[in-house]
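Please look over the structure below before reading on.

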Amino acid sequence: MTPQYFDIHSHVTFKEYDQDLEEVLVRMQEERVHTITVGVDYATSKEAVEFAETHEGFYATIGLHPTDTVTETFSVSEYAKFAKHPKVVGVGECGVDYFRLEGDAVEEKKRQWNEFEKQMYFAIEHDLPLMIHCRPKKGTVDAYEEMATRLESEFKQVGEKLRGNMHFFVGNVDVARRFYDIGFTTSFTGVVTFAREYDEVIQFAPINMLMTETDAPYASPVPFRGKRNQPPYIKYVVDALARIKGSDVGIMEKALVANAERVFLSRFS
Ligand SMILES: [Zn+2]
């Protein structure tokens, strides 16, 4: 079944869905929403794979979030058990998060980059795209600039074996252009339904480099702000992107599904 919407980043295996997961799944079927369940550590990666295995329209990524679980280190041999699974479509969410760091935080940044690089090499080795979490210090694009520099230098070495998406993108046109130049896409969340500061970068983005995500259970769009998010709400994000870009909603829907399938489902085509 061709989906109408592709929510490229959600977490339906989190405890926030313990009460009503079945209802959410029915709604997703009715609205033809496919999604990628994203792992943030070993346990949630395993859950994401097992969930995708038994649910049509679900895929999984495996990886270690930069700050969610600081006690875990990325184990290449443990995660390798999942890398060949037919429903595993990416590595992540992995990356760097400077949002809550105090001062220079040299050691913590070093730890985050070390964990990210292990996952970047892992993704290249297993020919999988990266689902990158990259969050700068408030009011800056520092983490994006460093990430762009790191990816550009790796891209020079390995070319398109390095590929992926910048999840929950909150950067500006300058950094977006650098990611697009090496083939990385950017995905936007429900935040674009109420905040106007991303309009410029969305208008700048080529339509084939855009993706949409809910990041459910977080980041609910208008009219559900403050409530728990869920993948069926992806349509509000898609509608907002179409409005901001001044494009037809139907054309936008088709482009977003095609983009998600190109980047994440290439091994299925
Ligand atoms: Zn997430």
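Axes are lines fitted to C-alpha atoms, for helices over the stretch in contact, and angles run from 0 to 180 degrees between N-to-C directions. This is a predicted model, in which local features need pLDDT of at least 70 and side-chain atom pairs count only at pLDDT 80 or more, while totals for chains, interfaces and linings use all residues. Residues are numbered from 1 along each chain as its sequence is written. Helices (H or I, at least four residues) and strands (E, at least two) are DSSP runs, numbered from the N terminus.

**Helix α8 with helix α9**

- The axes of helix α8 (residues 234-245) and helix α9 (residues 249-264) cross at roughly 115 degrees and come within 9 Å.
- This crossing of α8 and α9 is right-handed; a crossing is left-handed if the near helix is turned anticlockwise from the far one by less than a right angle, and right-handed if clockwise.
- Val238, Asp239, Leu241 and Ala242 of α8 meet Val249, Met252, Glu253 and Leu256 of α9, where contact requires C-beta atoms, placed from the backbone, within 7 Å.
- By class, the contact of α8 with α9 holds six nonpolar, no polar and two charged residues, with Ala, Val, Leu, Ile, Met, Phe, Trp, Tyr, Cys and Pro counted as nonpolar, Asp, Glu, Lys and Arg as charged, and the others, Gly among them, as polar.

**Helix α5 with helix α6**

- The axes of helix α5 (residues 142-158) and helix α6 (residues 173-181) come within 10 Å and cross at roughly 20 degrees, in a left-handed crossing.
- The contact is made by Tyr144, Glu145, Ala148 and Glu152 of α5, together with Val175, Arg178 and Phe179 of α6, and these residues divide into four nonpolar, no polar and three charged.

**The sheet**

- Eight strands form an open sheet with parallel pairing in the order β1-β2-β3-β4-β5-β6-β7-β8, where two strands pair if DSSP finds at least two bridges between them.
- The edge strands are β1 and β8 (210-212), each of which pairs on one side only, and the twist averages 30 degrees from one strand to the next.
- β1 and strand β2 (residues 33-38) pair in the parallel sense over four bridges, and Tyr5 has Val33 in β2 as its bridge partner.
- Strand β3 (residues 58-62) and strand β4 (residues 88-97) run parallel and are joined by three bridges, with Gly90 in β4 as the bridge partner of Thr61.

**Thr54**

- Thr54 lies in helix α2 (residues 42-54).
- Thr54 and Lys227 are 173 residues apart in sequence and 28 Å apart in space, C-alpha to C-alpha.

Technical notes
Contact = placed C-beta atoms within 7 Å.
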